[in-house]
Amino acid sequence: MIPLSWYLIVAAIIFCIGLYGALARRNAIGVLMGIELMLNAVNINLIAFWRYITPEVLTGQVFALFVITVAAAEAAIGLALIISIFRNRETVTVEDLDMMKW
Amino acid sequence: MTLVQIVFLVLAVAAIGSAVGVVTSKNILYSALLLIACLFVIAGFYVLLEAPFLAAVQVLIYVGAIAVLIIFAVMLTENLMRKQRAWNEQWWVALLVALALAAVLLYVVVTAQWQLSAAATPGDAIAALGQSLMSTYVLPFEVASVLLLMALIGAIIIAREERKEGE
Amino acid sequence: MEGLIRLVPLIPAIPLLSFAVIAIYLRRYHKLSSYVAVAAIFISWLLSMVIVLSAVAQMPHFAEEPAVHLTLLRVPTGGTSLDIGVQIDPLTVALLFMVPTVCLMIFIYSTGYMHGDPRYSRFFAYISLFTTGMLGLVVADNLLLLFICWEVMGLCSYLLIGFWFEKPSAMWAGLKAFITTRIGDVLLMLGMVLLYTQTGALRFETVFAGVERLAETNPTLMYVTALLVFGGAVGKSAQFPLHVWLPDAMEGPTPVSALIHAATMVAAGVFLVARMFPIFVVLSGMPALAWVAAIGAFTAFFASTIAIAQDDIKRVLAYSTISQLGYMIMALGLGGFVAAVFHLITHAFFKALLFLGSGSVIHGVGTNDMMEMGGLRKKMPYTFWTFLIGMLALAGVPPLAGFWSKDEILAVAFEQNMLIWVMGTLAAFITAFYMTRQVFLTFMGQPRNEEIHAHESPPAMYVPLIILAIGAVLIGLLGVPAELPVLGPLLGNNPFHHFLAEQFSQWHYVHLPHVGFNALVMLISVVMAGGGIALGYLVYGRKPLQAGQRDPLERMGAVWTLLRNKYYIDEIYRATIIRGTILLADLFFKFDQGVIDFIVNLIGKLTERWSYVSGLFDTYVIDGIVNGVGRVTSAVGQELRYIQTGRVQNYLVIVVISVVLLMGVFLYM
């Protein structure tokens with residue numbers, strides 16, 4: 001049997017890698033990928049907790065399903081935004097998108 | 001070390017390795033492909049966790065749909081052969097922050113005491129999942145479907161090319 | 001009753017259907033869409049009348065079980081479930097009598113008034129949707145459905161005020177109404193959330209049962225909750241200080257002003273307080289009710305004074321509406337539940353009548369400015385006579401509707417709080433005065449603008465006026481005090497009071513004060529109404545205003561200017577809240593530009609110059625320090641500028657740093 005903490009450690013590491021991607025990537029699509037990684041890390045946690053702590057209640061799985069749904073919506077909107085920005089400004093580099101600066 | 005544990009470790013190394021690749025690759029297309037690999041490995045975790053339905057959903061939605069969307073977006077926006085800097089100039093701050101967060105999270109994970117349950121997963125977990133989605137969680141379920149519809153419409157409207165009159 | 005309740009969901013559903021049909025299929029067919037809308041509201045009206053009549057026939061039934069329920073939908077939400085349903089109780093029945101009747105009249109009127117408008121069908125779609133919201137609100141048996149309908153009405157109000165969106169003023173008025181009422185809506189929602197967390201339910205009965213325990217365990221929270229719910233009513237019913245949107249809302253078409261901003265939607269706030277009455281009285285000493293009474297009385301007096309100095313025929317009525325809503329809120333605050341609901345219903349009839357009458361005038365002369373009118377009595381006889389009835393009812397002349405309901409409120413006030421009674425009576429006097437002024441300016445004397453050729457409106461418009469006028473005359477007789485000699489027993493010993501008094505018989509903590517007949521109060525009311533009218537006649541009637549002549553009240557000087565400008569409330573808001581927000585934004589902007597850049601530049605420049613003057617001696621010793629300081633500050637400034645880089649990732653880094661720090665703090669603790 002695998003200890004619960006192994007899953008949690010892997011999830012935490014993937015979450016932090018995703019966070020780094022979201023914070024440091026120049027490419028907007030890269031940022032989005034980082035966010036997907038973070039969401040997946042959360043899902044691993046949800047499923048692991050479900051399996052090890054409350055296997056008789058399905059809340060963890062249901063919640064993971066909703067996270068996936070929201071992730072799909074987020075990806076669709078995010079990518080649509082990126083394409084729209086690209087069409088207007090010919091770039092998807094996040095650094096160039098600073099119209100709102102001081 | 002049991003076989004399952006070895007499988008887990010292999011998966012973990014693969015997941016973390018491909019995740020690192022996703023955020024470090026200079027070519028965004030490689031990032032996308034590595035992301036697919038990573039998501040696939042995470043589906044493997046779900047299988048290990050006895051959640052086969054989630055694993056299937058993961059493969060279908062993430063690997064099948066979201067990843068394809070991402071690759072589409074990459075194709076539409078990038079010059080694929082162009083190598084460029086992967087990170088912005090605040091990458092070192094981001095690295096520090098991510099490491100700090102990792103330290104905090106790992107500390108919590110290692111020190112926390114979980115109240116583990118010895119119960120086995122119910123045999124008909126998929127059926128029970130379907131039933132609870134249609135009864136206990138029907139309102140969130142419907143809200144999620146409305147959210148997806150909104151995302152669909154919103155994505156179409158945002159990404160649609162504005163045609164000027166007479167064109 | 002148990003069988004009939006199945007009809008209740010249909011009452012709001014039919015106008016909803018008509019909205020959908022018009023919006024989807026009938027956009028091009030103007031005539032047909034108006035017929036569909038009128039037919040739908042007619043069916044709703046019939047159903048409502050069936051409910052009302054059978055409820056009245058089974059009146060004793062309410063004493064044992066005040067509310068009949070029908071749960072339409074059980075929505076499980078994980079641990080709990082939300083039930084959506086309808087109910088019939090005396091309050092619902094009273095409003096089911098008023099709302100569909102007034103709506104039906106206004107729909108018929110609209111077919112004439114909106115004739116020829118390019119967005120004719122859209123208008124009927126909107127008002128159908130609005131009617132759905134109002135009727136749903138009335139029959140709801142839980143806060144959730146009530147809130148949904150509440151917001152539907154808010155949306156329709158926005159759409160209809162800005163109906164002629166080509167006019168920028170209409171567009172801004174719509175926005176203003178939407179945003180101002182939103183403040184109240186947010187408060188109401190917070191109140192709902194508190195009620196839900198504390199009592200675990202949103203259904204009125206469960207909530208009322210639960211608040212009793214809450215009042216014992218946590219009176220402060222109960223107090224706050226009641227005030228939050230009242231906040232919603234303040235926004236919707238345009239009470240001070242959120243009243244500013246209602247006069248501007250007169251930019252909408254006149255039937256809308258009559259329907260939404262006089263008879264129904266603004267009454268929803270009063271209805272809400274009436275509906276949630278137990279949560280206001282459950283606390284001993286009723287501190288929340290004192291606020292309700294104070295705000296109501298102040299609004300009643302304050303808005304009536306503004307109405308004196310307005311020239312726009314609809315704005316006078318708008319301020320009058322605010323003032324009358326203040327009366328109702330005040331009555332509720334004094335515990336006069338029955339009196340408030342009674343005034344709500346009579347007011348709906350005569351205020352709808354007045355608004356529709358003013359719409360007919362506007363239709364005839366093509367302007368809102370009363371200074372341009374005059375002498376319309378002969379040209380628009382139906383409008384004149386019905387308007388006169390409405391005016392007398394509003395002024396409180398016996399035996400018209402407004403007299404009985406206003407008198408009941410004043411009788412409650414007289415027993416509970418002298419100060420409020422004085423304010424209410426003064427407001428009644430002012431009301432009689434400004435209504436007389438309006439009638440004289442509009443209908444009497446000679447036309448003041450020769451270019452306007454007024455004509456009577458089509459029958460589709462004046463027939464509803466006549467029906468509403470009949471209502472304005474007769475409706476008050478339902479609530480004649482039982483103790484009034486001769487008339488009281490003759491009219492069934494105040495049947496309205498008997499009917500409505502059963503509303504809260506289930507909740508022993510709700511005590512409605514019994515208000516007897518008070519000859520003194522009634523006499524003073526009559527004198528006040530008569531006095532107001534007489535004063536109005538003296539100022540405007542004896543020597544009718546000639547063309548180009550100024551309003552005689554302008555001699556009041558500064559007071560006039562103050563009233564004319566509505567106590568400068570709009571300007572005060574602009575100067576404080578709106579200006580404040582902009583200033584705050586400017587401040588942040590200046591902090592970035594001013595402070596950081598300023599420090600860097602100033603220190604850099606000053607020291608640079610100074611060191612340049614000091615010559616070579618300083619170059620090696622001082623310069624190093626100076627430049628160092630300059631550079632450090634500059635670098636700090638450079639780094640601090642990242643706070644406003646406009647780059648999402650910079651912001652995100654700060655968010656994550658804060659989260660990590662917070663987590664660290666929690667771990668440490």
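In the predicted model, Ala472(C) is in contact, beyond its neighbours within four places in sequence, with Phe349(C), Phe350(C), Leu353(C), Ile389(C), Gly390(C), Ala393(C), Leu400(C) and Ala401(C). Ala472(C) also belongs to the largest nonpolar core, which holds 214 residues. Together with Val270(C), Val273(C), Val341(C) and Ala352(C), Ala472(C) touches the most other members of that core. The greatest contribution to this core comes from helix H16 of chain C (residues 337-365), which provides 19 residues.

Within chain C, helix H6 (residues 143-161) packs with helix H7 (residues 168-199) at an angle of about 170°, and the two axes are 8 Å apart. Angles over 145 degrees count as roughly antiparallel, and H6(C) and H7(C) are therefore roughly antiparallel to each other. On the H6(C) side the contact includes Leu143(C), Phe147(C), Glu151(C) and Gly154(C). From H7(C), the residues involved include Ala170(C), Ala173(C), Phe178(C), Asp185(C) and Leu195(C).

Between chains C and B, 13 residues of chain C are in contact with 13 residues of chain B. On the side of chain C that touches chain B, strand S1 (68-77) and helix H27 (648-668) each supply at least two residues. H27(C) accounts for the largest share of that side, nine residues. The chain C residues touching chain B comprise eight nonpolar and five polar residues, with no charged ones.

Technical notes. Residues numbered from 1 in each chain as written. Chains lettered and ligands numbered in written order. Predicted model: local features only at pLDDT ≥ 70, side-chain atom pairs only at ≥ 80, totals over all residues. Contact = placed C-beta atoms within 7 Å. Helix = DSSP H or I, 4+ residues; strand = E, 2+ residues; numbered from the N terminus. Nonpolar A, V, L, I, M, F, W, Y, C, P; charged D, E, K, R; others polar. Axes fitted to C-alpha atoms, helices over the stretch in contact; angles between N-to-C directions. Parallel < 35°, antiparallel > 145°, perpendicular 65-115°, else oblique. Core = buried A, V, L, I, M, F, W, Y, C linked by C-beta atoms within 7 Å. Buried ≥ 20, exposed ≤ 12 C-beta atoms within 10 Å, placed from the backbone.
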